[in-house]
Amino acid sequence: MPVTTATATWLDIAADHPYGIAHLPYGVFAPADGEARVGVRIGDRVLDLGACAEAAGMESASVWQTPSLNAFLAQGRSAWASGRAWIVEMLSNDARRDCVEPHLYALGEVTLHLPIEVADYVDFYASEQHATNVGSIFRPDGDALTPNWKHLPIGYHGRSGTVVVSGTDVVRPTGQRKTPADSEPVFGPSIRLDIEAELGFVVGGTSEIGSRVGVDAADEHLFGVALFNDWSARDIQAWEYVPLGPFLGKSFASSLAAWVTPMEALSAARVDLPAQDPRPLDYLRGDALYGLDIEMEVSINGTVVSRPPYRGMYWSPTQMLAHMTVNGASLRPGDLFASGTVSGDAKAERGSLLELTWSGQEPITLQDGQTRAFLEDGDTVTITATAPGPEGVRIGLGEVTGTIRPAH
């Protein structure tokens with residue numbers, strides 16, 4: 001459907017507001033006196049979608065009267081489109097004020113919850129710049145990229161039960177680590193705790209086990225995006241990851257923004273992918289290939305330390321989803337996959353401390369004069385982002401933030 005920047009006069013929201021009619025991200029909230037339910041953000045308020053839909057006599061109100069987006073995700077693309085069209089109509093038509101206004105809550109007066117019940121979670125490794133930096137750090141005398149990197153979107157299955165909503169504290173993980181100077185591994189809190197600035201993709205609809213979703217059908221399952229921080233214990237990861245890959249160094253916590261930006265709101269943000277050479281295999285080719293012109297910003301304790309650009313990511317989200325299902329793995333509503341760390345060409349565009357400090361050799365300085373090689377207890381990391389919207393409007397993705405607490 002065409003996206004409009006029109007807005008109801010009584011809402012008093014500018015047409016270029018980052019959370020205006022052009023955006024309308026979904027989330028799950030609870031008012032002070034009620035249970036968690038689905039809402040949509042408009043300006044600095046939240047509309048209770050289920051209550052508003054019920055008041056308007058909509059039979060589909062029940063999909064929004066639940067503590068997650070999963071029931072709505074299960075409805076599929078046509079329902080998402082009609083639901084968004086209905087929301088735009090309700091919010092942009094002054095005649096709907098009496099139906100809408102009683103169900104609006106001030107953002108500061110509600111509690112935000114995890115927007116989805118995460119079904120399966122996959123983390124990809126889709127930035128060539130990030131993969132090259134990490135390979136250069138870990139294999140200084142070898143090839144930065146592994147031989148398979150440009151042939152397939154590399155990924156691994158993470159732990160869905162430890163995906164937490166933005167604002168949740170993160171306890172420093174404990175585990176085994178071993179440096180080259182250690183004769184034996186030691187056990188204790190991670191001393192190389194890191195961030196990974198990523199973009200998460202929320203999946204809806206279903207597919208049958210044994211079938212696969214092609215590149216050109218993938219958009220039917222891509223509901224929206226949310227900022228994502230895949231916290232990483234680099235020392236635990238370095239000792240455990242050979243030969244099977246990430247495990248405890250990643251699974252202790254991953255933070256997801258409370259607001260999911262629908263893909264329709266990002267239509268103006270689509271850009272061409274970088275040239276893919278060598279040419280991918282047939283199942284990774286199609287017409288629905290694109291990047292997203294999303295500008296991210298990472299801050300630690302209020303100091304901006306990086307501005308990673310998503311537009312340079314090598315693999316399209318549709319290729320990631322196609323690869324995720326090419327073996328016959330099924331999709332479920334609430335599946336989540338993340339892009340992997342977003343990094344650009346410049347040092348100031350690197351999306352992890354591993355890269356920013358070159359594995360701790362070049363510490364960064366915060367605005368209070370403190371330096372960081374990796375995260376310390378009490379540090380708060382916040383990732384924000386903006387993207388172009390229709391008619392010159394710039395939308396703002398919901399932030400993802402978390403504070404490090406001492407190991408137990």
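D219 is buried, its relative accessible area being 15%, where buried means under 20% relative accessible area, exposed over 50% and partly exposed in between (1.4 Å probe, protein chains only). This is a predicted model, in which local features need pLDDT of at least 70 and side-chain atom pairs count only at pLDDT 80 or more, while totals for chains, interfaces and linings use all residues. Residues are numbered from 1 along each chain as its sequence is written, and side-chain values use heavy atoms, with hydrogens and water left out.

D219 sits in the loop that runs between β13 (197–203) and β14 (222–229); helices (H or I, at least four residues) and strands (E, at least two) are DSSP runs, numbered from the N terminus. Neighbours within four places in sequence aside, D219 is in contact (heavy atoms within 4.5 Å) with R77, R270, A288, Y290 and T318.

One of these partners, T318, leads on to helix α7 (residues 317–325), which is largely enclosed by the rest of the structure because 8 of its 9 residues are buried. The buried residues of α7 are P317, T318, Q319, M320, L321, A322, M324 and T325, and they pack against β6 (121–124), β13, β14 and β22 (336–338).

A further buried position is V381, with a relative accessible area of 0%, which belongs to strand β25 (residues 380–388). Not counting residues up to four places away in sequence, V381 touches I195, N229, W231, V298, S299, I300, L375, V400, T401 and G402. Of these, N229 is 152 residues from V381 in sequence, with 9.0 Å between the two in space, C-alpha to C-alpha.
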